[in-house]
Amino acid sequence: MESANVELSKEENQKIIDQMRAHQAERKAATVAAQPALIRLMAVAERDTGQSRVIAKFLLGCYNGNRFPFDLTDFRVLDHALFNDCMLVLSMDSYCTQEIHCYFENGGQRFEKLADDWNLNK
C-alpha cells in the first residue's frame with residue numbers, strides 16, 4: 001500500500017502548532033497545580049485519619065491501577081478539599097508526564113510502604 005503525500009496549508013500547520021502549544025500549556029498548568037496537592041495527599045495517606053485509607057488507595061491506584069484498583073464511590077467519604085486535591089492529581093496524571101511515584105524521592109519505596117501499611121498488597 002502506498003502512503004499518500006499530503007501537504008497541509010500554512011493555516012492547517014499553524015492550527016496544529018497552536019493546538020500543541022495549548023496542550024503543553026494545559027499540561028504545565030495541571031502539573032503546577034497538582035504537585036502541592038500530591039504532597040498533601042501523600043501526607044494524609046501516610047497518617048491514620050478517617051480518610052487516610054481512601055487517599056492511600058487512590059494514590060496506589062494512580063501508581064499501579066491493575067494491582068490496586070480504586071472504587072470511585074470511595075470518593076464519597078472524602079471532604080471537599082481532599083476530593084479536589086485528588087482531582088488535581090488525576091488531571092496531572094492523565095498527561096503521563098511521569099509516573100506518580102517519580103514526584104517523590106524514593107517514591108517507589110514510599111508507595112510500596114503505603115501498600116504494606118494499609119495491607120493493600122495483592
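**View 1. Surface of the predicted model.** In this predicted model, the protein has an accessible surface of about 8,300 Å². Carbon and sulfur atoms account for 52% of that area. Of the 122 residues, 34% are buried.

**View 2. Helices and overall dimensions.** The protein contains four helices and zero strands, so that, read from the N terminus, its elements follow the order α-α-α-α. Along the principal axes, the C-alpha atoms fill a box of roughly 60 × 35 × 30 Å. The radius of gyration is 19 Å, whereas a compact globule of 122 residues would have one near 14 Å.

**View 3. Contacts across the sequence.** This view concerns contacts between residues at least 6 apart in sequence. Of these contacts, 67% join residues at least 24 apart.

**View 4. Charged groups.** The protein carries 14 positive and 18 negative charges. The mean position of the positive charges and that of the negative charges are 4 Å apart.

**View 5. Cys86 and Cys62.** The structure holds zero disulfides. Cys86 counts as buried because its relative accessibility is 0%.

**View 6. Cys96.** Cys96 is likewise in no disulfide. Its nearest cysteine sulfur, 11 Å away, belongs to Cys62. With a relative accessible area of 62%, Cys96 is exposed, whereas Cys86 is buried.

Definitions and conventions
Residues are numbered from 1 along each chain as its sequence is written. This is a predicted model: local features need pLDDT of at least 70, side-chain atom pairs count only at pLDDT 80 or more; totals for chains, interfaces and linings use all residues. Side-chain values use heavy atoms; hydrogens and water are left out. Helices (H or I, at least four residues) and strands (E, at least two) are DSSP runs, numbered from the N terminus. The radius of gyration is taken over C-alpha atoms; the globule rule is 2.2 Å times the number of residues to the power 0.38. Buried means under 20% relative accessible area, exposed over 50%, partly exposed in between (1.4 Å probe, protein chains only). Contact means heavy atoms within 4.5 Å. Accessible areas come from the Shrake-Rupley method with a 1.4 Å probe; for residues, only the protein chains shown count as cover. Lys and Arg count as positive and Asp and Glu as negative; His and the chain ends are not counted. The place of a charge is taken as NZ of Lys, CZ of Arg, CG of Asp or CD of Glu. A disulfide is a pair of cysteine sulfur atoms within 2.5 Å.
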